[in-house]
Amino acid sequence: MVYPRIRLSAVRENARLSQRELALKMQVSRATIINWESYRTKMSEADLQMYASICGFPKEYIFLPY
């Protein structure tokens, strides 16, 4: 299946997870999720992989402006 590039927040919302729920699953703070989703801070490759895996979305189709 081919996906257009999707913003981080849309990926999480599609998985029906709140920022708090995702933060708990990733063992990071909610502030970290907020900063990633607003692109204030850059995610590591490992964090991106975990984010995508938890949300059930291919990381290759997640929009990252950096």
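The model is a predicted one. Taken over the chain, the mean pLDDT comes to 92, and 94% of the residues reach 70 or more.

Two packed helices are described by the angle between their axes and the distance between those axes. For H2 and helix H3 (residues 30-37), the angle is about 110° and the axes lie 8 Å apart. Angles of 65 to 115 degrees count as roughly perpendicular, so H2 sits roughly perpendicular to H3. On the H2 side, the contact is built from Gln-19, Arg-20, Leu-22, Ala-23 and Met-26; H3 brings in Arg-30, Ile-33, Ile-34, Trp-36 and Glu-37. Sorted by class, this H2 and H3 contact holds 6 nonpolar, 1 polar and 3 charged residues.

H2 also meets helix H4 (residues 45-55), where the axes come within 11 Å and cross at roughly 120°. That angle makes H2 oblique to H4. As for handedness, H2 goes past H4 in a right-handed crossing. Here H2 uses Leu-22, Lys-25 and Met-26, while H4 supplies Asp-47, Met-50, Tyr-51, Ile-54 and Cys-55. The class tally for H2 with H4 is 6 nonpolar, no polar and 2 charged residues.

Leu-22 and Met-26 of H2 turn up in the contact with H3 and again in the contact with H4.

How values were computed: Residues numbered from 1 in each chain as written. Predicted model: local features only at pLDDT ≥ 70, side-chain atom pairs only at ≥ 80, totals over all residues. Heavy atoms only, no water. pLDDT = per-residue confidence, 0-100. Axes fitted to C-alpha atoms, helices over the stretch in contact; angles between N-to-C directions. Helix = DSSP H or I, 4+ residues; strand = E, 2+ residues; numbered from the N terminus. Parallel < 35°, antiparallel > 145°, perpendicular 65-115°, else oblique. Contact = heavy atoms within 4.5 Å. Nonpolar A, V, L, I, M, F, W, Y, C, P; charged D, E, K, R; others polar. Left-handed = near helix turned anticlockwise from the far one by under 90°.
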